[in-house]
Amino acid sequence: MMTKLIIGADISTLPEVEAQGGRFYDDGKETLLDDCLIAHGYTSARIRVWNDPYNKEGIGYGGGTCDRDKMLSLAKRVKAKGMSLLLDLHYSDFWCDPARQGIPKAWKGLSLDEMCAALYDFTKETLKAFIEAGVEPEYIQVGNEITNGMLWDMAKLDRSSEEAFKQSFDSLAKLIEAGTRAVRDTSKAKIVIHLEQSGKNALWREWFDAAAERGMDYDIIGASYYPLWHGTPKEMCANMQDMISRYDKDVMIVETAYPFTSVHHDPGKKKLMIDEDFTLEDGSKPKWSLTPQGQVDFLSELKEECLKAERIKAIYYWEPGWLPTKDSTWATDEALADIGEQDKGTGNEWANQCLFDYSGNANPALYKFAEN
């Protein structure tokens, strides 16, 4: 018998979008994003927390500028409406992903042992703040997309040799242990370990075998799954089924998305991450059209495949409401200066992957995805 999936959404940019004037419409009627999602079957919210997403003058970094207090207010809002909470701790002042895992400003210069202590304290203090506010998360990520390690270069995975990998994973495991111990000491939340490249079975076996050898403490395997980089839904689910069998863990797809258009909201701004020129690694075009129907078709196929695996428990859509408001940007100029990526440019490269169109009207996929 097929199990019912938790359908959720990462809505971390929501406070910033609303402050910038973004508005949402459900069948033509203005609504709040969270109310719209709840009305149509979404039951869980994922919220990321960055350590200190501001420069020394106090100017925010963009991308939601996800400091603890702002995200705590968002957690109170969605919890009061009955949603469960997946708390995503990046352990950085800004984005963490396969290409960047920056050490927070306050932790620079620390030794490994000192950084473990800082990570433990940050995890415990953040969780205590949420618990004391009455919004204890049901799930918590210790790190975000840590396939290549975290807190670079302290625990960046080195795959140049077997010995280099072992030593670098030892450092990574020690930092993760500090985080998981803080969770166990403070909360009943289930711990999620989150990787990407979710169609690459050998890579995932390498990572989680190393984790198992070191007795890593966690409850759930979390995956980012973006079909234009990570293979077909069938390939991804085959890898997840292997993870379930090999490590006896449940799986949650904690990030996914697909474009509803290839047309830019503002051609003068930063290029869209996925547009009409996008091709797969083999040079072919995506299977699903970059249209509202293509967005529906992708999510329907993903959900169908996930439902076949009894222990895939959830799918979270990533940033369904990151509308292209006038000041919307993945990074402010101040953020780019702080992370040394001034060449990247500012702007919203994600808006065509929302579940709302550029004017804030709900797309057909928003309604279809959570139907059970």
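Start at Asp67 and Asp69, at the beginning of helix α3. In this predicted model, a side-chain oxygen of Asp67 comes within 3.1 Å of the backbone nitrogen of Asp69.

**Along helix α3**

Now select residues 68-80, the whole of α3. This helix has 13 residues. From its first C-alpha to its last it reaches 18 Å, close to the 18 Å expected at 1.5 Å a residue.

Colour Met71, Leu72, Leu74, Ala75, Val78 and Lys79: these residues of α3 are buried. Where do the buried residues fall when you look down the axis of α3? They lie within an arc of 160°, so they line one face of the helix. Turn to the other side of α3 to find Asp69 and Ala80, which are exposed.

What do the buried residues of α3 pack against? Show the helices α1 (14-19), α2 (33-39) and α4 (112-132), together with the strands β4 (44-49) and β5 (84-89). The buried residues of α3 pack against these elements.

Next, step past the end of the helix. Gly82 follows α3, and its phi is positive, near 95°.

Select Thr65, in the loop between β4 and α3. Is Thr65 buried or exposed? Its relative accessible area is 4%, and a residue under 20% counts as buried, so Thr65 is buried.

Show what surrounds it. Leaving aside residues up to four places away in sequence, Thr65 touches Glu16, Trp50, Pro53, Tyr54, Gly60 and Lys70.

**The barrel**

Now display the strands β1-β4-β5-β8-β11-β12-β13-β14 in that order. These eight strands form a closed barrel with parallel pairing. On average, neighbouring strands of this sheet are turned by 25° against each other, direction ignored.

Zoom in on one pair. Select β12 (residues 220-224) and β13 (residues 250-256). The two strands run parallel, and five bridges join them. Strands of a sheet pair through backbone hydrogen bonds, either parallel or antiparallel. Pick Ser224, then look across to β13: Glu255 stands opposite.

**Two helices on the sheet**

Select residues 162-186 to see helix α5. Helix α5 packs on the sheet and touches β8 (139-142) and β11 (190-195). The direction of α5 makes about 160° with that of β8.

Finish with helix α6, residues 201-213. Which strands does α6 touch? Helix α6 packs on the sheet against β11 and β12. Its direction makes about 140° with that of β11.

How values were computed. Residues numbered from 1 in each chain as written. Predicted model: local features only at pLDDT ≥ 70, side-chain atom pairs only at ≥ 80, totals over all residues. Heavy atoms only, no water. Pairing = 2+ DSSP bridges. Helix = DSSP H or I, 4+ residues; strand = E, 2+ residues; numbered from the N terminus. Axes fitted to C-alpha atoms, helices over the stretch in contact; angles between N-to-C directions. Contact = heavy atoms within 4.5 Å. Expected span 1.5 Å × (residues − 1). Buried < 20%, exposed > 50% of the residue type's maximum accessible area, 1.4 Å probe, protein only. Arc of directions from axis to C-beta. Polar contact = N/O pair within 3.5 Å; in protein donor to acceptor, adjacent residues only side chain to side chain.
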